[in-house]
Amino acid sequence: MEAMSAGGREGLAALRHRLEALAREGRHPRAVLPFGVPAIDAALPGGGLALGALHEVAGDEGDGEDGAGAAAFLAGILARLRPPRPVLWCLPAADLHGPGLAACGLAPERLILAQPREDQVLWAMEEGLRSSVLAAVVGEVEALPAAASRRLQLAAETSGVTAFALRRWHRAEAAAERSAPNTAVTRWRVKALPGALWAGEPGVGRPLWRIELWRSRGGVPASWEVEASNATGHVALAAALVDRPAAAFPWAAAG
């Protein structure tokens, strides 16, 4: 039997944290969404991306402001969520590219778009996370204070709806925002790389990314070079291109 002193505010706070920890320990193992790439899944607790949790996705270097690569990477994840329920996407500016999302497997008809003011995106995310009819909630934000991220994490755990903070920051704020702490279970960085060419098909290729698992609670930080998400939402290690013949691809055989 464990005894704790709960005298005063500090004691009550300690008791609350201990009860929260016991509640987490008593939960069933968290469901995960595997990437289907052994090297990536092995770096994540449970063998995949934790569902019912908060995750952060951001562009790297020059992609940090428009977040195109990060949004495409995120679209592939959202496309693979089952069942394919609606996704609430909160963004201050209506600059999503529907065909680009569809190319990564995310059907535009699954999206519910909300366009709050920039200072209301976190509030809109938290409200969306109260609805268990959604598959996920995405919020495009520049700042993600630790307290706000904690509320989003708790809301995601409670409803089982997965939350994604798509970080978009101006260059002047990039360094500070990248390193600022928050409670996201994973924090990803996505950088576009020069595309790989298929054998025998000069000028034709598939975009490549370097995805970095920058922070992972209980996991192993790592990075990989991958082919960009395809129409099924999956990525594949770029090294796999070396052993694949051109005839394996319909557009190569059709030529």
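I started with the surface: the protein chain has an accessible area of about 12,900 Å² (Shrake-Rupley method, 1.4 Å probe), and 59% of that belongs to carbon and sulfur atoms. I am working with a predicted model, where local features need pLDDT of at least 70, side-chain atom pairs count only at pLDDT 80 or more, and totals for chains, interfaces and linings use all residues. I number residues from 1 along each chain as its sequence is written, and side-chain values use heavy atoms, with hydrogens and water left out.

Next I checked burial. Of the 255 residues in the protein chain, 44% are buried (under 20% relative accessible area, with exposed over 50% and partly exposed in between; 1.4 Å probe, protein chains only).

Then I turned to salt bridges (a side-chain nitrogen of Lys or Arg within 4 Å of a carboxyl oxygen of Asp or Glu). I found 9 in the whole structure.

I looked up glutamate 56 and arginine 167, whose side chains form a salt bridge at 2.7 Å, N to O. Glutamate 56 sits in strand β3 and arginine 167 in strand β7, so this pair ties together parts 111 residues apart in sequence. I took strands (E, at least two residues) and helices (H or I, at least four) as DSSP runs, numbered from the N terminus. Glutamate 56 is buried at 0% relative accessibility, and arginine 167 is buried at 1%. I also noted a salt-bridge network linking Glu56, Arg167, Arg187 and Arg189.
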